[in-house]
Amino acid sequence: MFEVIIGLEVHVQLNTKTKIFCNCATSFADRQNVHTCPVCLGLPGALPVLNVEAVKKAMMFGNAVNATVHKKSVFNRKNYFYPDLPKGYQISQFEIPIVENGHLMIDFDDGTQKRIGITRAHLEEDAGKNIHEGDRSLVDLNRAGTPLLEIVSEPDLRSADEAVRYLKKLHAIVRYLDISDANMQEGSFRCDVNVSIRPKGDDKLYTRVEIKNMNSFRFIQQAIAYEVERQIEAWEDGVYEDEVWQETRLFDTVKGETRSMRGKEESADYRYFPEPDLLPVIPTEEMFKEAEKIPEMPDEKRKRYVEEFGIREYDATVITSEVEMARFFEKMVEEGASAKNAVTWLTVELLGRLKGGLTLENSPVNASQLATIVKRIEDSTISGKAGKEVLDYLFAHEGADVDEAIEKLGLKQVSDDSAILALIDEVLSSNSDKVEEYKGGKEKLFGFFVGQVMKASKGSANPAKVNELLKERLSS
Ligand code: ZN
Ligand code: MN
């Protein structure tokens with residue numbers, strides 16, 4: 001039996017307005033190379049100036065993961081050549097990163113959690129982009145110099161499933177903090193995975209293989225599964241030493257396999273040395289105080305939801321797993337929906353209808369509309385079934401008013417006594433034989449009468465009212 005050891009390095013793009021060492025905008029949807037200057041083009045003699053906003057965001061992250069935020073950290077040059085890195089080195093942090101020794105809790109479906117260590121988080125600049133067009137390659141430096149926070153986990157993860165749970169939690173945390181849009185498709189949240197195996201019971205660490213640059217939870221899961229199997233097979237076939245060595249591999253998303261890209265560099269290969277053009281990072285007292293003001297994090301929110309609203313722990317975990325969902329839920333409760341029904345209508349009815357690129361952020365139905373549907377069910381204006389019809393109507397008629405939709409669809413429940421009594425009398429007089437049987441002791445016929453009245457009202461009668469009035473009528 002083997003144990004799987006996984007450590008993750010995640011690069012998070014910080015959402016500052018300008019780049020980390022110059023005033024260029026961090027916007028790379030525009031025409032190539034327009035957001036560039038001598039600093040981010042790497043022209044000789046240009047001097048970097050540190051963007052304090054990037055430092056503040058890194059400090060907030062440190063506090064959110066219970067880490068040490070260093071009073072003094074240092075930038076280094078990491079030397080390597082690549083066409084999208086015109087300076088010939090990346091400014092990064094090495095021996096003394098801004099954040100060290102933190103942890104976060106990953107969530108399992110049964111409500112239990114596991115602590116995963118965060119070794120460090122350091123600030124660095126992003127590189128540009130190589131664009132390959134036919135037989136030539138172009139370089140776009142709009143992205144060069146965008147601030148990144150590289151977050152390195154301890155090798156505490158034991159399966160692909162745990163790795164994905166860690167990434168989801170980390171993703172939620174940076175979104176809650178609003179320090180990154182963490183958009184995976186656009187590469188603002190990307191991940192390198194280190195995988196090794198060892199016989200169970202062994203505490204030695206064996207050769208780790210790095211799988212680079214992944215930006216989808218599904219592919220990360222597949223890549224780890226493939227790599228683990230490859231290493232175990234090599235071990236069992238007695239060719240581990242020959243086939244598993246320290247290297248960087250890429251995941252081929254089409255073939256579903258990892259393949260060798262290059263030998264993994266040791267840190268000595270980068271000839272790190274302190275960046276002579278930047279002073280050490282020494283945040284002020286005030287910056288430390290500011291960085292402590294972080295919003296309520298997923299774990300705190302979850303605890304509060306269970307205590308304050310009495311919802312199930314599992315539901316609270318689902319709701320707090322994404323900041324948009326937590327906001328949507330809180331808004332619904334604020335608007336007067338009960339927490340329990342808000343959970344169901346949000347996670348089952350609304351999410352079930354958000355398909356084909358629709359998300360909570362661009363949902364055709366907002367929190368206030370959904371809360372109104374829930375309230376109309378709770379005050380018996382409409383039935384739960386009718387609520388679903390209203391929701392479907394709102395999906396087809398974006399921006400429609402809930403009460404107008406109820407009117408228009410004729411879904412209002414009849415709660416008016418006289419109207420329901422009229423229906424009851426009609427049903428009872430046309431079923432006089434059954435009324436006799438009922439009065440003679442065949443009490444289970446009661447359900448039949450309820451059904452007939454509901455049918456006569458075309459489902460619009462308030463069932464509780466029907467029950468109440470029917471009982472009265474039959475006992476008189
Ligand atoms: Zn610039
Ligand atoms: Mn990095």
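**Sheets and nonpolar cores of the predicted model**

In strand β5, V99 is the bridge partner of V69. This pairing belongs to a predicted model, in which β2 and β5 (residues 99-107) run antiparallel and are joined by two bridges. Both strands are part of an open, mixed sheet of nine strands, arranged in the order β2-β5-β6-β9-β1-β10-β11-β12-β13, with β2 (68-69) and β13 (257-263) at its edges, each pairing on one side only. Helix α2 (residues 52-64) packs on this sheet, where the helix touches β2, β5, β6 (113-125) and β9 (147-153), and its direction makes about 170 degrees with that of β6.

The largest nonpolar core comprises 109 residues, of which F61, L123, Y166 and V193 touch the most other members. Helix α3 (residues 160-177) gives the most to this core, contributing ten residues, and the core draws at least three residues from each of domain 1 (2-290) and domain 2 (298-409). When residues up to four places away in sequence are not counted, L123 touches L14, I20, A54, V55, A58, F75, S92, Q93, I98, L148 and L149.

Note on methods:
Residues are numbered from 1 along each chain as its sequence is written. Chains are lettered from A and ligands numbered from 1 in the order in which they are written. This is a predicted model: local features need pLDDT of at least 70, side-chain atom pairs count only at pLDDT 80 or more; totals for chains, interfaces and linings use all residues. Side-chain values use heavy atoms; hydrogens and water are left out. Two strands pair if DSSP finds at least two bridges between them. Helices (H or I, at least four residues) and strands (E, at least two) are DSSP runs, numbered from the N terminus. Contact means heavy atoms within 4.5 Å. Axes are lines fitted to C-alpha atoms, for helices over the stretch in contact, and angles run from 0 to 180 degrees between N-to-C directions. A nonpolar core is a set of buried Ala, Val, Leu, Ile, Met, Phe, Trp, Tyr and Cys residues joined through side-chain atoms within 4.5 Å. Buried means under 20% relative accessible area, exposed over 50%, partly exposed in between (1.4 Å probe, protein chains only). Domain bounds come from an automatic or database domain assignment.
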